[in-house]
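Please find below a colleague's note on the model under review.

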Amino acid sequence: MKKDRKHLSVSAIKDGTVIDHIPAEKLFNVISILGLDSIPNQITFGTNLESKKLGRKAIIKIADKFFKETEINKIALIAPTAKLNIIRDYEVVDKRQVEVPDEIIGIARCMNPKCITNNDSVITRFRVISKPRISLRCHYCEKITDQEHLEIL
Ligand code: CTP
Ligand code: ZN
C-alpha cells in the first residue's frame, strides 16, 4: 500500500465497496436508497469530512458488497459526485466516477400524479434532459421531474 493508512478518517476495509465523495447532506439518502439500513454487511461511514472539491463530504464503506448497475445508477441520481472504489484484499482494484445514464428505467417516480406509471403497473421510464443537476422527462406523460421532486423507487 502506497499510502499512510494511519491517516484514514474511517478505517480501511479488506473487501468491498467504498463510496467516496458523497455530498455530506446526501449521506442518509444514499444509505436509504441502497437499503443499507437492512443488510447484514459491516458498514462504516463518516460525514462532514474535509474535501477540496465538495467542502464537506461523506464516505460509506460496505464490506463484501459489490453493487449492480441499477444500484450504481441510483447513487448517480442522488450523489452525482460520488466515486466508487472496489477493494480487494485491502487494495483499490477499481475506481470509477458514477455516471447518470441518458435513460432511466424503473428507478425514479414521475412527479405527475396523473401519469400512467402512478396509476397502473407500468414501469417508469425517463429521458435525462439535464445533469448533473437532474431533470427527467417522462416517456409516458412528458412531464418533467426535477431534482427537488426526485423520488427514488
Ligand atoms: N479505502 C478503504 N480501504 C482500503 C483501501 C481504500 O476504505 N483497503 C478507501 C480510502 O479510505 C479512500 C478510498 O477507499 O477513501 C479510495 O482510496 P484511495 O484511492 O487510496 O484514496 P484517494 O487517492 O484519496 O482517492 P481519491 O483520489 O478517489 O479521492
Ligand atoms: Zn409521467
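1. Basis of the model. This is a predicted model, in which local features need pLDDT of at least 70 and side-chain atom pairs count only at pLDDT 80 or more, while totals for chains, interfaces and linings use all residues. Residues are numbered from 1 along each chain as its sequence is written, chains are lettered from A and ligands numbered from 1 in the order in which they are written, and side-chain values use heavy atoms, with hydrogens and water left out.

2. Overall fold. The protein chain contains 2 helices and 9 strands, where helices (H or I, at least four residues) and strands (E, at least two) are DSSP runs numbered from the N terminus. Read from the N terminus, the order of elements is β-α-β-β-α-β-β-β-β-β-β. Along the principal axes, the C-alpha atoms of the chain fill a box of roughly 55 × 30 × 25 Å. Of the 153 residues in the chain, 42% are buried; buried means under 20% relative accessible area, exposed over 50%, and partly exposed in between (1.4 Å probe, protein chains only).

3. C110 is buried at 2% relative accessibility, whereas C141 is partly exposed at 21%.

4. The whole structure has 8 salt bridges, a salt bridge being a side-chain nitrogen of Lys or Arg within 4 Å of a carboxyl oxygen of Asp or Glu. One of them joins D20 and K57, whose closest N and O atoms are 2.7 Å apart. D20 is in strand β1 (residues 16–23) and K57 in strand β3 (residues 55–63), so the pair ties together parts that are 37 residues apart in sequence. Both partners are buried, D20 at 13% relative accessibility and K57 at 12%.

5. R109 and E151 form a salt bridge with an N to O distance of 3.1 Å. R109 lies in the loop between β6 and β7 and E151 in the segment after β9, so the pair ties together parts that are 42 residues apart in sequence. R109 is partly exposed at 32% relative accessible area, and E151 is partly exposed at 39%. A salt bridge also joins R133 and E148 (2.3 Å, N to O). That pair links the loop between β7 and β8, where R133 lies, to the segment after β9, which holds E148, 15 residues apart; R133 and E148 are both exposed.

6. Salt-bridge network. Which residues are linked in a network of salt bridges? The residues are K14, D15 and D89.

7. Surroundings of ligand 1. Around ligand 1 there are 16 residues, of which I13, H21, K61, Y90 and K95 come nearest; a residue counts as near if one of its heavy atoms lies within 4 Å. A nitrogen atom of ligand 1 is 2.8 Å from a backbone N or O atom of I13. Oxygen atoms of ligand 1 lie 3.3 Å from a polar side-chain atom of D20 and 2.6 Å from a side-chain N or O atom of K61. On its own ligand 1 has 590 Å² of accessible area, and the protein covers 79% of that area, by the Shrake-Rupley method with a 1.4 Å probe. Elements giving two or more residues to this shell are β1, β3, β4 (83–88) and β5 (91–97).

8. Position of D20. D20, in strand β1, takes part in the salt bridge with K57 and also has a polar side-chain atom 3.3 Å from an oxygen atom of ligand 1.

Conventions
A polar contact is a pair of N or O atoms within 3.5 Å; within protein, one must be able to donate a hydrogen and the other to accept it, and residues adjacent in sequence count only if both atoms are side-chain atoms.
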